[in-house]
Amino acid sequence: MPTNCHESGATPLLLCPSCGKQQAHGQHMCRDCGSPLTPFAHSDPVMGVLSRGFAVQQATTNPRKLIVVVGMWLCLLPMCLLGLGWFICGIVILFSPDRVLGLVLTPVGVVLICIATTILWRTTSSYVRQQRGSGTRKE
Ligand SMILES: [Zn+2]
């Protein structure tokens with residue numbers, strides 16, 4: 001008596017580990033949510049970028065573990081501080097005779113600060129919302 005699909009000759013059911021929907025064979029990424037399904041999805045140049053994008057999107061919108069939030073802070077806090085430093089330097093240089101560098105540094109610093117704080121805010125608030133939700137959902 002066959003105990004698994006290899007012995008019975010049936011093709012195994014391929015399910016997405018992220019959304020749980022059934023996937024076609026030979027598929028490297030989920031058509032529904034974009035989750036990588038095979039190791040090839042991580043090593044291929046184009047699909048690798050999409051896989052990393054999926055990981056960042058998951059970490060930002062659906063962080064399940066505190067370590068993900070801490071990791072995002074460790075990665076993005078230096079970027080935020082760098083942006084703040086460039087912004088301050090740019091403002092100082094704007095009042096000096098060589099103000100062209102200040103015209104570049106100030107907006108680049110603002111953009112860095114905006115990107116880093118937006119991602120950190122979304123990640124942290126999603127995690128806090130999720131923790132509150134799982135705390136009240138217990139029956
Ligand atoms: Zn999926």
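A residue is called buried if 20 or more other C-beta atoms lie within 10 Å of its own, exposed if 12 or fewer do, and partly exposed in between, with C-beta atoms placed from the backbone. The model shown is predicted, so local features need pLDDT of at least 70 and side-chain atom pairs count only at pLDDT 80 or more, while totals for chains, interfaces and linings use all residues. Residues are numbered from 1 along each chain as its sequence is written.

View 1. Helices (H or I, at least four residues) and strands (E, at least two) are DSSP runs numbered from the N terminus. From that terminus on, the elements run α-α-α-α-α. Of the 139 residues, 14% count as buried. Two residues are in contact if their C-beta atoms, placed from the backbone, lie within 7 Å. Among contacts between residues at least 6 apart in sequence, 31% join residues at least 24 apart.

**View 2. Confidence is lowest, among the elements, in helix α1.** The pLDDT is the predictor's confidence in each residue, from 0 to 100. Its average over the protein is 87, and 89% of the residues score at least 70. Helix α1 (residues 5–8) has a mean pLDDT of 52, whereas α4 has the highest mean of the elements, 94. Over residues 1–5 the pLDDT stays under 50, and the model has five contacts beyond four places in sequence for this stretch.

**View 3. Helix α4 carries a kink of about 30° at leucine 76.** This kink lies shortly before proline 78; the bend at a residue is the angle between axes fitted to the seven residues ending there and the seven starting there. Helix α4 has 29 residues and reaches 41 Å from its first C-alpha to its last, close to the 42 Å expected at 1.5 Å a residue. The expected span is 1.5 Å times one less than the number of residues. The buried residues of α4 are Met72, Gly83, Trp86 and Gly90.

**View 4. Leucine 66 belongs to helix α4 (residues 66–94).** Leucine 66 counts as exposed because it has 10 C-beta neighbours inside 10 Å. Leucine 66 and threonine 124 are 58 residues apart in sequence, yet 9.3 Å apart in space, C-alpha to C-alpha.

**View 5. Leucine 105 lies in helix α5 (residues 100–136).** Leucine 105 is buried because it has 21 C-beta neighbours inside 10 Å. Leaving aside neighbours within four places in sequence, leucine 105 is in contact with Trp86, Cys89, Gly90 and Ile93.

**View 6. Alanine 55 is located in helix α3 (residues 45–61).** Alanine 55 is partly exposed, since 14 other C-beta atoms lie within 10 Å.
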